[in-house]
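I opened the notebook to record what I looked up, one place at a time. My notes are kept in the order in which I went through them.

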Amino acid sequence: MVEELTPETVKERIEAEDTQVVDIRPPSQFERGHIPGAINIPMSRLPTKVDEVDWGDEIVCACPIGQSSVQAAKLIQSFEGVDDDATVASMEGGYREWEYDLADGEQSEG
């Protein structure tokens, strides 16, 4: 079961600790605005890129409405390169519910 975090909780976690945000939207959407510090790995590329990332202990997946990010979190969680103690979550409501500032430009992994 993937934990779902509210956008407010995600914002608090990225400000307070080393939380890794994975934005699974297409690069064009990512470049228009994304959660500060997020890396972009589009969902279509995630299965082939999952083994190329140095995963942290706190991972949150973000998508437009909070549905695809649950699937992405499950995929990341099942990858053997992710520590068993790692927390992999999805941002509830996705970018539709994110009411905070967005960064722009590229910070892509995919």
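Entry one. I looked up Arg-25 and found it in the loop between strand S2 (19-23) and helix H2 (27-32), bearing in mind that the model is predicted.

Entry two. I turned to what surrounds Arg-25 and, leaving aside its neighbours within four places in sequence, listed its contacts, among them Phe-30, His-34, Pro-64 and Tyr-95. Gly-33 is also in contact with Arg-25, and the backbone oxygen of Gly-33 lies 2.6 Å from a polar atom of the Arg-25 side chain. I also checked Arg-45, which is 20 residues from Arg-25 along the chain, and noted that their C-alpha atoms are separated by 10 Å.

I moved to Asp-23, which lies in strand S2 and is buried, with a relative accessible area of 0%. Which side chain is joined to that of Asp-23 by a polar contact of 2.6 Å? I found that it is the side chain of Tyr-95. Beyond four places in sequence, the contacts of Asp-23 include Phe-30, Ala-38, Ile-41 and Ala-62.

I went on to helix H4 (residues 68-78), where the buried residues are Ser-69, Val-70, Ala-72, Ala-73 and Ile-76. Seen down the axis of H4, these buried residues fall within an arc of 160°, so they line one face of the helix. I wrote down that they pack against strand S1 (3-5), helix H3 (46-49), strand S4 (58-62) and strand S5 (87-91).

Note on methods
Residues are numbered from 1 along each chain as its sequence is written. This is a predicted model: local features need pLDDT of at least 70, side-chain atom pairs count only at pLDDT 80 or more; totals for chains, interfaces and linings use all residues. Side-chain values use heavy atoms; hydrogens and water are left out. Helices (H or I, at least four residues) and strands (E, at least two) are DSSP runs, numbered from the N terminus. Contact means heavy atoms within 4.5 Å. A polar contact is a pair of N or O atoms within 3.5 Å; within protein, one must be able to donate a hydrogen and the other to accept it, and residues adjacent in sequence count only if both atoms are side-chain atoms. Buried means under 20% relative accessible area, exposed over 50%, partly exposed in between (1.4 Å probe, protein chains only). The arc is that of the directions from the helix axis to the C-beta atoms.
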